[in-house]
Amino acid sequence: MATSTNKTAAFGVKSNPQVYDKTPLYPEKLTMCCALWASGIIGPYFFKNDEDHNVSVNGDRYTAMITSFFIPELNNHDVQELWFQQDGATCHTARTTIDLLKDTFGDRLISRFGPVNWPPRSCD
């Protein structure tokens, strides 16, 4: 007997069909972010919750990462006139994210809904 739930497959053990061995149906996924420029890399940053489990990225988590990790790391480097570029992913274009990035980078933001619009079908 095999049944599947959200992200776990449960298989009845032949010796006792009331006992289930829970096995993940899909491998755990990981979301990581880093920033690149000519002088180096900032990151990596792994998106995890308070229990140290991997989580997907939404606007709130992305904004928190920029506020608590990226901007402090950026301030540790002597970077002048930095342009910030990101694609049109939903977490990147959340209103709170765009407002934070506009406040931080001003007109030097390349993003969907930013001062400089992300070019459609961009290979970057």
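How many residues line the largest pocket, and which lie nearest its centre? The lining has 22 residues, with Cys34, Ala35, Leu36, Phe84 and Gln85 nearest the centre.

## Basis

This is a predicted model, in which local features need pLDDT of at least 70 and side-chain atom pairs count only at pLDDT 80 or more, while totals for chains, interfaces and linings use all residues. Residues are numbered from 1 along each chain as its sequence is written, and side-chain values use heavy atoms, without hydrogens and water.

## Largest pocket

A pocket is an open set of points on a 1 Å grid over the protein atoms alone, where a 1.4 Å probe fits, with protein on both sides within 12 Å along at least five of seven lines; lining residues have an atom within 4 Å of a point. The largest pocket holds about 510 Å³ of space, taken as the space filled by probe spheres set on the points.

Helix α1 (59-75) gives the largest share of this lining, six residues.

## Aromatic pairs

The whole structure contains five aromatic pairs, meaning rings of Phe, Tyr or Trp (its six-membered ring) with centres within 6.5 Å, stacked if the planes are under 30 degrees apart, edge-to-face if over 60 and tilted otherwise. Tyr45 and Phe47 pair edge-to-face, at 5.0 Å centre to centre and 80 degrees between the planes. Ring pairs join Tyr45, Phe47 and Phe69 into a cluster.

Phe84 and Phe105 are stacked, because their planes lie at 20 degrees, with centres 5.0 Å apart. Both Phe84 and Phe105 are buried (under 20% relative accessible area, 1.4 Å probe, protein chains only).

Note on methods
Buried means under 20% relative accessible area, exposed over 50%, partly exposed in between (1.4 Å probe, protein chains only). Helices (H or I, at least four residues) and strands (E, at least two) are DSSP runs, numbered from the N terminus.
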